[in-house]
Number of protein chains: 2
Amino acid sequence: MGKERVTVIDIARAAGVSKSTVSLVLQASPLVNEATRAKVNAAIRELGYVYNRGAANLRQSNAKSKIIGIVVNDLTNSFFAELAVGVDMVVQSAGYVQFLANTGESVDRQREVIASMREHGISGLILSPARGTEAADLKPLVASGIPVVNVVRQVAGAKVSSLVSDNHAGTHQAVRHLAGLGHHRIAFLGGFPDTAVFHERLQGYRDALSDMDLAVHGELVISSAPSRAGGVAAIERALLLRERPTAAVCFNDAVAFGVCDGLRAHRLDPGEDFAVIGFDDVIEAQTAVPALTTISVDPQGMGRRAAQLLLKQINAGRADAEAIVSSVRLVVRQSCGAATDKRERLSLL
Amino acid sequence: MGKERVTVIDIARAAGVSKSTVSLVLQASPLVNEATRAKVNAAIRELGYVYNRGAANLRQSNAKSKIIGIVVNDLTNSFFAELAVGVDMVVQSAGYVQFLANTGESVDRQREVIASMREHGISGLILSPARGTEAADLKPLVASGIPVVNVVRQVAGAKVSSLVSDNHAGTHQAVRHLAGLGHHRIAFLGGFPDTAVFHERLQGYRDALSDMDLAVHGELVISSAPSRAGGVAAIERALLLRERPTAAVCFNDAVAFGVCDGLRAHRLDPGEDFAVIGFDDVIEAQTAVPALTTISVDPQGMGRRAAQLLLKQINAGRADAEAIVSSVRLVVRQSCGAATDKRERLSLL
DNA sequence: CTAGATAATTGGAACGTTCCAAAGTTGTCA
DNA sequence: TGACAACTTTGGAACGTTCCAATTATCTAG
């Protein structure tokens, strides 16, 4: 059934016009007469025509494909799922469609998917680079004039735009808040030390300690996988220290949740016996128990902004690298043991 | 820089052969001499050639595009994020690339994205249909010979394959387990009543009650949005009943987490004062506190299976609708108050 | 040395669209 | 009536690939 593809020529024949006219109608050109346009559209509906973007794209190699690529390093992390949703929103309503791929932190896989996306002629790429991505990996892409926006993580030396959250300010605020509550042994838990994000967050932590005239103890910085399991592992190690910390700033929310789990396993009550602050403000942070005090970065909004930036560059034809640092704010909830104002939680129900 | 696209003709010139030969090399044809192949490959690397799938696809309209589409109704639900990851795995290693779109339960948006995907010539589609999707919506797709696999939800009357979990058996097991622990007022909480999945799970719940000679009380079935917030709302209403339930089977894990939150807000301890069972076994179920007893459906595995089924159909050229019911098992953790075996939790750390 | 087979290569047509330059239609005004 | 503008429409070339039939080069056997 319907095996034969119906083309612009078929509908031209049906409407009694030339294929050129049909093409003009498809592009909503103002040059075509209203009556003709109606006839053509009728034929299109009649025959169930579907536009062949591949063919169109072949002719107009510049205007491009209406595809944007998005590759993330860990889609199972809800931060990235939210990010993808944000991107999808703006991209979709601009008439684009998104290729989404997950690299699972593998540079090899990342290379493959980016190559594949290029073959399909993406108009632009939003990339949260896998660990270990180098500027050279992105070189051919930008050389061919495809706009790239890095999100979350930057790639040193790459001439591409980036949209990252203000990591330094985030942990800085978190530490100041904890210090203000009277904590002076504050740990920094979780994250891989070989990423720029880790260093920025760590530096914010260190600088804040200095600013508050607190000592910086190396033993209180414990790295681990940036996941729930990693959080458990990190707090386990922290609790073995001769002088235990009384509070922790965590690399991200996933780690923070793990830290809470680990504390409970030791019969410690997060928010009461130990203060915990996360980073990202994933959706579960509001409803978890205790509700997580965290640095809000609004992943969905970040996705939207990244997509807007990318579309701007695509439309501009050519756009130069632009580095946006998206600001960040501390959302005080319960896990840090601050004045427990129940109103926020209840209003969310 | 590099504005001019390098084509098969450029590399033919560079390698001193004809474009046809280059084409054969690209397709790894055995007809071409080893030495020639080497020369051509060298030129390809040299000039930084990138294959134009659009053009290729234009010529061989049958063999198709190496794109598969996946559209889900709620990507922020980690169940679907996991599902997408599963699909991505097998699809990627088969040399395909995935279009991922999120409908947010909007049939309009779903119509748009499917239309857009068709224009791009997807070879197949994996679809978790938005609420209210009708067989007519899928008609043109299947008429044009594009294989479709529905996941999670079915569409009545649509001649497409489907892969759903055994919803009836799942809630049936859950209720039996709770009854075995001595509960006799067991609620069914959450979910939209206008979906087939809801009815299947509800029916499993009802049948199990009957099988265990327990009364079925209509008031104990409380529907709500299938989200964390919906779970909170549902348990709120359940606790207002004259005769409160002592246990609940929830529509899915998100609802179950919400139910736990709501219980705590009433100073009830989930797992101790009230038994909660979820459905899906999302990744957080293992590490939450209390660890969630739930029906495991392995979303990632489901994604993989769906992708395999779809690829099979694509390769077979034509495949008839096949309905797979994927089996399901109860994973007993802590939230149902059963013998609290700590080993499972600890082994996960 | 030649006929026939086998291996390797090739030019041109085709895929479905867009763009361009050109050609028809009208209508207006001197 | 003729010239000119404004509005519509149109054939054909191009885009980058694959496929087919045809060609050339190489080998084998008689």
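1. Let me start with a loop in chain B. B:Asp298 sits between strand E10 (293-296) and helix H13 (299-315) of chain B; helices (H or I, at least four residues) and strands (E, at least two) are DSSP runs, numbered from the N terminus. The phi angle of B:Asp298 is near 50°, a positive value in a residue other than glycine. B:Asp298 is partly exposed, with a relative accessible area of 37%. For these labels, buried means under 20% relative accessible area, exposed over 50%, and partly exposed in between (1.4 Å probe, protein chains only).

2. A word on the ground rules. This is a predicted model, in which local features need pLDDT of at least 70 and side-chain atom pairs count only at pLDDT 80 or more, while totals for chains, interfaces and linings use all residues. Residues are numbered from 1 along each chain as its sequence is written, chains are lettered from A and ligands numbered from 1 in the order in which they are written, and side-chain values use heavy atoms, with hydrogens and water left out.

3. Now the layout of chain A. It is divided into domain 1 (8-51), domain 2 (67-165 + 299-326) and domain 3 (167-298 + 330-348), with bounds that come from an automatic or database domain assignment. Taken over C-alpha atoms, the centres of domain 1 and domain 3 of chain A are 61 Å apart.

4. Which residues of chain A does the UniProt annotation "domain: HTH lacI-type" cover? The annotation, from an unreviewed entry, spans residues 6-60 of chain A; UniProt positions are given in the numbering used here, feature names are shortened, and annotations may be inferred rather than shown by experiment. Over residues 6-60 the chain is 67% helix and 0% strand, and the end C-alpha atoms lie 21 Å apart.

5. Next, the sheet in chain A. Its 6 strands form an open sheet in the order E7-E6-E8-E9-E10-E12, with mixed pairing; two strands pair if DSSP finds at least two bridges between them. Strand E7 (221-222) and strand E12 (329-331) of chain A stand at the edges with a single partner strand each, so one side of each has no neighbour in the sheet.

6. A:Phe188 has A:Val249 as its bridge partner in E8(A) and stands opposite A:Val221 in E7(A). Both faces of E6(A) are covered: A:Ile186 and A:Phe188 on one side, and A:Ala187 and A:Leu189 on the other, are all buried.

7. Further along the sheet, strand E9 (residues 275-280) and strand E10 (residues 293-296) of chain A run parallel and are joined by 4 bridges. A:Asp280 stands opposite A:Ser296 in E10(A). Helix H9 (residues 196-211) of chain A lies across E6 (186-189), E7 and E9 of chain A, at about 175° to E6(A); such angles run from 0 to 180 degrees between N-to-C directions, with axes being lines fitted to C-alpha atoms, for helices over the stretch in contact.

8. Is A:His183 buried or exposed? A:His183 is buried, with a relative accessible area of 16%, and is found in the loop between helix H8 (167-180) and E6 of chain A. Leaving aside neighbours within four places in sequence, A:His183 is in contact (heavy atoms within 4.5 Å) with A:Leu178, A:Leu214, A:Thr246, A:Ala247 and A:Ala275. The side chains of A:His183 and A:Thr246 are joined by a polar contact of 2.7 Å. That term covers a pair of N or O atoms within 3.5 Å; within protein, one must be able to donate a hydrogen and the other to accept it, and residues adjacent in sequence count only if both atoms are side-chain atoms.

9. Another loop residue to look at is A:Asp213, between H9 and E7 of chain A. A:Asp213 has a positive phi of about 60° although it is not a glycine, and is exposed, with a relative accessible area of 72%.

10. Finally, back to chain B. B:Thr195 lies in the loop between strand E6 (186-189) and helix H9 (196-211) of chain B, and at 9% relative accessibility B:Thr195 counts as buried. A polar atom of the B:Thr195 side chain lies 3.3 Å from the backbone nitrogen of B:Phe198.
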